[in-house]
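Take a look at the model first, then try each task before reading its solution.

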Amino acid sequence: MSVYHDILKQYWGYDQFRPLQLDIIESAGKGRDTLGLMPTGGGKSITFQVPALAMEGVCVVVTPLIALMKDQVSNLRKRGISAKAIFSGLTHDEINVALDNCIYNGCKFLYVSPERLSTDLFKQKLAQMKVCLIVVDEAHCISQWGYDFRPSYMNIATIRDIKPQAPILALTATATKEVVADIQKRLNFKKENVFRKSFARENIAYMVRQTENKDDMLITLLNRVQGTGIVYVRSRRKTWETAQKLNKVGIPTAYYHAGLSNKEKDQIQRDWQNGIARVIVCTNAFGMGIDKPDVRLVVHIDPPESVEAYFQEAGRAGRDGQKAYAIMLWSGNDAATLRRNATTSYPEPDVIESVYNSLCNSQSIGLGSGQGYTCEFDIASFCQKFDKWAVTTHSALTLLTNAGYINYVDETELQSRVIFIVNSEELYNIRMAHPDLDIVIKALLRTYTGLFTEYAVISEDVLAQKCNTTRQVIYEKLRALTRMKIIIYNPQKKTSLLTFTRERVHEKELKLPASVYADRKRDMLHRIESVIEYCESTDMCRSQILLHYFGETDAPPCGVCDVCRKMMREGTYEALLSNR
């Protein structure tokens, strides 16, 4: 047994690794640049957490998913492993404290967003850290040919100049051959080094159901296939409406979308994980980092805009290896809707210019100024004031972010955080002088650790319970302690954040590179046509279509999808086998 097995047993309680995990771990552990391709549910986080624990220094993890950052940091801390996350919305002081902890060996895993890598503060602090491994999660985002390309990922290669000895471990669940090659090129791999697990999921039966009444078909499917289910829809409103319909017919259902508070999301996820809700209806905001092995059915009421997204979401079924179903509900209008979405996602340049101009005016930013300015941003109020359509405006903000003019983070919920800014001796004197505040100070010190060296995420509800009072009273006392310069208290809030990453230019001087606009729009249309082809095909195995898309051209027919079963009934399955 290796040191890696010892670490796996010590922190996770497992005796053996899953297929491919140990190969990736050993490669990264030997200091080799490594690309790991593992399907959804393959256990990607283990492949960097285990080797990093065997090395000296900090493991820097780059990921665009704030929810996943928080989830993994929380899970690591529960296992007694020090970890921190830096993302939009933290104050300069909080970021500074977190980075200093990494420099002085107070942190093993540092999770950062790709946008953070380009800041002077991060680069200065990174140079002082001992970095053992650089991990790039969702690595397809760095490729121009990836379905979720993000220009901010280009910053990752630049940190190799600062830490040239630290190996890179890139991880993704979905990548075509072109994307695989592009990832290694853009991350400056010293040598090509790819570990790939077949994307085939033999226990999943992929199916497409043609129907004009998707709600009735959904209910029929859930009555036929027992067990836990996930239902994907496109809009937040539809999550609630569909959940209501399922609950009315006796199917315990919860709904989930990005607009819910963290507290609501956590409760909904717990209810679903524990079986209180059999089904969860959600947008694509749900699923990242979710580890529930016994999902028997994943249904898409609305088709996603890429095969990559569909494969990742459908792959949340049957992680326990038992029989499961991934079913797409398809109607006559879906193809036209998908094609129309491409137009909405890539509005005309003059629309983008108008949004940018109004955006700058809303913050009173003049030509040649504004770089580094950050503000909270309410898209609904903005659209009402400037007579904009919300969907198109959101797309324009995304494109302006990708082009490097702004950084728009949509609806981030920041948890309450506290740090003491006096020493323990001063605090004792304050407690003696202010007995009315002492009960809250005492509750803080007894409930949370490290309050004198770093910001701690706190819960006003927990403190209220310990102090036998209300949340509002706790809030007011924490604010009072802040005014007295005893603590810094950043209350919980949900907000969208907007940062101007360069000075304002004239709207007619906006440049949207082909890699951000024209090429991406063309690629999106290609991906949409691939989804339509998958849904409307009647003579090729569904699993084969998906695997061919990812370059596995020798995959055999699965024998369990709707097309294979139809051909078996018709006596034409042998022809399907011969057409491999």
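Which strand does Thr34 lie in? Thr34 belongs to strand E1, residues 34-37 (strands are DSSP runs of at least two residues, helices H or I runs of at least four, both numbered from the N terminus). This is a predicted model, where local features need pLDDT of at least 70, side-chain atom pairs count only at pLDDT 80 or more, and totals for chains, interfaces and linings use all residues. Residues are numbered from 1 along each chain as its sequence is written, and side-chain values use heavy atoms, leaving out hydrogens and water.

**Exercise 1.** Work out whether Thr34 is buried or exposed, and find its side-chain partner.

Step one: the relative accessibility of Thr34 is 0%, so Thr34 counts as buried (under 20% relative accessible area; exposed is over 50%, with partly exposed in between, using a 1.4 Å probe and protein chains only).

Step two: the side chains of Thr34 and Ser27 make a polar contact at 2.7 Å (a pair of N or O atoms within 3.5 Å, one able to donate a hydrogen and the other to accept it).

**Exercise 2.** Describe how H17 and H18 pack.

Step one: take H17 (residues 424-433) and H18 (residues 435-447); their axes come within 6 Å and cross at roughly 135°.

Technical notes:
Axes fitted to C-alpha atoms, helices over the stretch in contact; angles between N-to-C directions.
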